[in-house]
Number of protein chains: 2
Amino acid sequence: MKTAGDLLQPLLQGDKRALARAISLVENDDPEGWALVREVYPKTGRAQVVGFTGPPGVGKSTLIGALVKNARAADRDVAVLSIDPSSPFTHGALLGDRIRLTEHFLDPGVFIRSMASRGSLGGLSEATLQAALLMDASGKDDVFLETVGVGQAEVDIIDHADTVVLVLMPGSGDSIQALKAGVMEIPDIIVVNKADHPLTDTMVREIRGVLSLGPKTDWRVPIVQTEAARGDGVAEVAEKIAEHREHIKAEGTLDERRRRNLMNEVLALAAGRLRRRLEESVREDASVQELLDEVVSRKLDPASAAAKLLEREL
Amino acid sequence: MKTAGDLLQPLLQGDKRALARAISLVENDDPEGWALVREVYPKTGRAQVVGFTGPPGVGKSTLIGALVKNARAADRDVAVLSIDPSSPFTHGALLGDRIRLTEHFLDPGVFIRSMASRGSLGGLSEATLQAALLMDASGKDDVFLETVGVGQAEVDIIDHADTVVLVLMPGSGDSIQALKAGVMEIPDIIVVNKADHPLTDTMVREIRGVLSLGPKTDWRVPIVQTEAARGDGVAEVAEKIAEHREHIKAEGTLDERRRRNLMNEVLALAAGRLRRRLEESVREDASVQELLDEVVSRKLDPASAAAKLLEREL
């Protein structure tokens, strides 16, 4: 088996197997994985990182597949990282969707990977950034991050992206309400997929209504209608992504965004490690279990128990 | 101004102003608030805590208002805690909804409070539990927690509840997809509100389909159709909530749930405090800013920066 050191050169040269192996190391929280990210970090920051979010079933994977084709036609190397929600309920329900990306599996210029949420979203967000950095270092021009979900948590995961694309379809009433109520942040680009649906125009009008309520910014959030399965509108999505990137570059907000994202990331990484340490101590330590027993029997309140934990552990 | 010590007796006697003041202390992270929760904690655990979640606009507040009326008719004291999402986008968009609860404002047996998310969801979840404990200690028979949202994060917030009710309406396609894909956990009770809509039957069938895919448990998740604005179906929701509570009590899972929730809570409180300490150190400390500058200029990778932070701070 190759060590992390052996992976460094092939990874930087864009070798797919080295990249896959490196991501596994990071995903398994292997110290060699972290060492590798440390090594390649100075070579990162060149890829265009785009995040896609939206409810399940709207056709995100199909859209991403079409965008990959588009990027390949322009001779750009692409990596796709799909972040699976963890659920004890219906494992693999979303994987059918991902199969649509298989036509690219044999193309050496395309790297596709999915990563499963394991427990806390913080941990996943952490692994997502590390994997995206490895993809960036391996010379990809485009890194596409995909999350499945309809809440703020999902938007947070893809906050590592330079550009955030929200994908909806006619019938995505809950998501529009969430935008309207301010429960979900306004993305940079909105795509209405499956736009052959008769309710598309109503939907687009509703979205425009929501956007008109928002703060006026220099970037006007475009609403692009697509039928990704047929390729319709996909070139326009690619254009808008490029335009948004040019916009934030020209405005200077790309650096600002990255600075803010990196700062949040450092804090999240540090906090995540602390939490993991705590959780390990809880699992292994009988006296911590006693502390919890006191909480359950209403002798000790949760905040005091937390304070006691912190005193002991740190 | 009253001190926390002065609040203790009136709070335990159910005084509304004392309860309001106590929650403010907790919300402002005032040590006196924590001290108060510590004092009253042994008196908690008696209230029936019910969490309501679902997309904005489905009529959660109307349903809760109707349930409050129902509880009052049965001479039960009720507290409602609405958790507002924080958004720089449309402040107050959801407050209109809340006005429907005003008819109960003058009733001494009803306490209504809304709490705004401030930054991290962890922090809000923490404050939610503390406020719920104070409501419980003040002698409320029912504590209703309400979150607005369509993601797992919102479900996590109301995980302090003994029973979780998901409220949908015809057109809640995204939420059903999220349930189907396992992005959102299956709640204990599902309410389809605005059930006069022609698509209600289709919707109920879809939900049944999703539930049939799930694991078989002893509790069959009921789907209740309501028109909360007219009071239709509200008594049935109240019955199902009571049945669910009886069920988990009989099964012994109420204690199990509470133990798990309390354990998660202690960990979240501890981790949240650690994170806050870190954030404070970042704000105040010039050398931490230098560390971040190194990350932004790609000299130091985020994980190493996090490790350095942890070494220094703890």
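Trainee: How do you know how chain B is related to chain A?

Mentor: In this predicted model, chain B can be laid on chain A with an RMSD of 0.1 Å by a turn of 180 degrees and a shift of 0.0 Å along the axis. The superposition is by least squares on the C-alpha atoms of residues with pLDDT of at least 70 in both copies. Two copies of a chain are related by a rotation about an axis and a shift along it. Here the turn is 180 degrees and the shift 0.0 Å, so this is the relation of a two-fold axis. The same surface serves both copies, as 100% of the contact residues of chain B recur in chain A.

Trainee: Before we go on, what are the ground rules for numbers and values?

Mentor: Residues are numbered from 1 along each chain as its sequence is written, and chains are lettered from A and ligands numbered from 1 in the order in which they are written. Since this is a predicted model, local features need pLDDT of at least 70 and side-chain atom pairs count only at pLDDT 80 or more, while totals for chains, interfaces and linings use all residues; side-chain values use heavy atoms, with hydrogens and water left out.

Trainee: How many residues of each chain are in contact with the other?

Mentor: With contact meaning heavy atoms within 4.5 Å, 80 residues of chain B touch 80 residues of chain A. The buried area, which is the accessible area (1.4 Å probe) that two parts lose on being put together, summed over both, is about 6400 Å². Carbon and sulfur atoms give 71% of that area.

Trainee: Which pair of side chains meets in a salt bridge between the chains, and what makes it one?

Mentor: A salt bridge is a side-chain nitrogen of Lys or Arg within 4 Å of a carboxyl oxygen of Asp or Glu. D293(A) and R259(B) come to 2.6 Å, N to O, so the pair meets the rule of within 4 Å. The count between chain B and chain A is two salt bridges.

Trainee: Which element of chain B gives the most to the side that touches chain A?

Mentor: Helix 11 of chain B, with 19 residues. Helices (H or I, at least four residues) and strands (E, at least two) are DSSP runs, numbered from the N terminus. The residues on that side of chain B divide into 46 nonpolar, 19 polar and 15 charged. Ala, Val, Leu, Ile, Met, Phe, Trp, Tyr, Cys and Pro count as nonpolar, Asp, Glu, Lys and Arg as charged, and the others, Gly among them, as polar.

Trainee: Is R259(B) buried, partly exposed or exposed, and what makes it so?

Mentor: Buried means under 20% relative accessible area, exposed over 50%, and partly exposed in between (1.4 Å probe, protein chains only). R259(B) has 29%, so it counts as partly exposed. D293(A), with 37%, is partly exposed too.

Trainee: What makes R245(A) and D162(A) a salt bridge, and which parts does the pair tie together?

Mentor: R245(A) lies in helix 10 of chain A and D162(A) in the loop between helix 7 and strand 5, so the pair ties together parts that are 83 residues apart in sequence. R245(A) has 8% relative accessibility and therefore counts as buried. D162(A) is buried as well, at 2%.

Trainee: What does the salt bridge of E27(B) and R113(B) tie together?

Mentor: The closest N and O atoms of E27(B) and R113(B) are 3.0 Å apart. E27(B) lies in helix 2 and R113(B) in strand 3 of chain B, so the pair ties together parts that are 86 residues apart in sequence. E27(B) counts as buried at 16%, and R113(B) at 14%.

Trainee: Why is D142(A) called buried?

Mentor: D142(A) has a relative accessible area of 2%, so it is buried. This residue lies in strand 4 of chain A.

Trainee: What makes the pair of D142(A) and R76(A) a polar contact?

Mentor: A polar contact is a pair of N or O atoms within 3.5 Å; within protein, one must be able to donate a hydrogen and the other to accept it, and residues adjacent in sequence count only if both atoms are side-chain atoms. The side chains of D142(A) and R76(A) are joined at 2.7 Å.
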